[in-house]
Amino acid sequence: MSDPQSAPSAPRSDDRVIAAVIYGLYLIGPINGLSALVGIVLAHANVGAAGPKVWSHYVFQIRTFWIAAVWSVIGGAVIVLGGLLMVVLIGFPIFHLGVAILGLATIWFFVRSVVGAIYLAQDRPYPRPRTWLL
């Protein structure tokens, strides 16, 4: 009988190709939206079998997507609220606040994707994959 302590663990891979593809999908994501969804599916599918370097990038990519998604939903809700309140003229600043939130979320998503891709190109793990900023 085999000893559970000596059982081989799942092989870990430090293959950077999938992580690079995900960064590429994220960078074109604000243009079409669908590629970012494909990227998050790939990141979730590969995070379990990743080595420590690439694992940090997958965690960073997953957090980048979901944080941007939450802020985009908030911005969209503020835009809808502002649109409804435009009837009584107080909706204009609220509408523009929603547009600003969406714009900042898009810029934030793009900058994080570029910074992560730079770390990956340098063959370095992302130093703080669970951070909100960079």
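The structure described here is a predicted model. Because aspartate 123 lies in the segment after α4 and lysine 53 in helix α3, the pair ties together parts that are 70 residues apart in sequence.

Aspartate 123 also takes part in a salt bridge with arginine 16, at 3.7 Å from N to O. Arginine 16 belongs to the segment before α1 and aspartate 123 to the segment after α4 (91-121), so this pair ties together parts that are 107 residues apart in sequence. The count of salt bridges comes to two, and Arg16, Lys53 and Asp123 are linked in a network.

## Exposure of the linked residues

Arginine 16 counts as partly exposed at 33% relative accessibility, and lysine 53 is partly exposed with a relative accessible area of 31%. The class applies because each value falls between the 20% limit for buried and the 50% limit for exposed.

## Helix α1 against helix α2

Helix α1 (residues 17-32) and helix α2 (residues 34-46) have axes that come within 6 Å and cross at roughly 155°. An angle over 145 degrees counts as roughly antiparallel, and α1 and α2 are therefore roughly antiparallel to each other. The crossing of α1 past α2 is left-handed.

On the α1 side, the contact involves Ile18, Val21, Ile22, Leu25, Tyr26, Ile28, Gly29 and Asn32. These meet residues of α2, namely Leu34, Ser35, Ala36, Val38, Gly39, Ile40, Leu42, Ala43 and Asn46. The residues of this contact comprise twelve nonpolar, five polar and no charged.

## Helix α1 against helix α3

The axes of α1 and helix α3 (residues 52-85) come within 10 Å and cross at roughly 20°. That angle makes α1 roughly parallel to α3, since angles under 35 degrees are counted in that class. Here, too, α1 passes its partner, α3, in a left-handed crossing.

Ile18, Ala19, Ile22, Tyr23 and Tyr26 of α1 make this contact with Val54, His57, Tyr58, Phe60, Gln61, Ile62 and Phe65 of α3. The contact of α1 with α3 divides into ten nonpolar residues, two polar and no charged.

Methods. Residues are numbered from 1 along each chain as its sequence is written. This is a predicted model: local features need pLDDT of at least 70, side-chain atom pairs count only at pLDDT 80 or more; totals for chains, interfaces and linings use all residues. Side-chain values use heavy atoms; hydrogens and water are left out. Axes are lines fitted to C-alpha atoms, for helices over the stretch in contact, and angles run from 0 to 180 degrees between N-to-C directions. Helices (H or I, at least four residues) and strands (E, at least two) are DSSP runs, numbered from the N terminus. Angles under 35 degrees count as roughly parallel, over 145 as roughly antiparallel, 65 to 115 as roughly perpendicular and the rest as oblique. A crossing is left-handed if the near helix is turned anticlockwise from the far one by less than a right angle, and right-handed if clockwise. Contact means heavy atoms within 4.5 Å. Ala, Val, Leu, Ile, Met, Phe, Trp, Tyr, Cys and Pro count as nonpolar, Asp, Glu, Lys and Arg as charged, and the others, Gly among them, as polar. A salt bridge is a side-chain nitrogen of Lys or Arg within 4 Å of a carboxyl oxygen of Asp or Glu. Buried means under 20% relative accessible area, exposed over 50%, partly exposed in between (1.4 Å probe, protein chains only).
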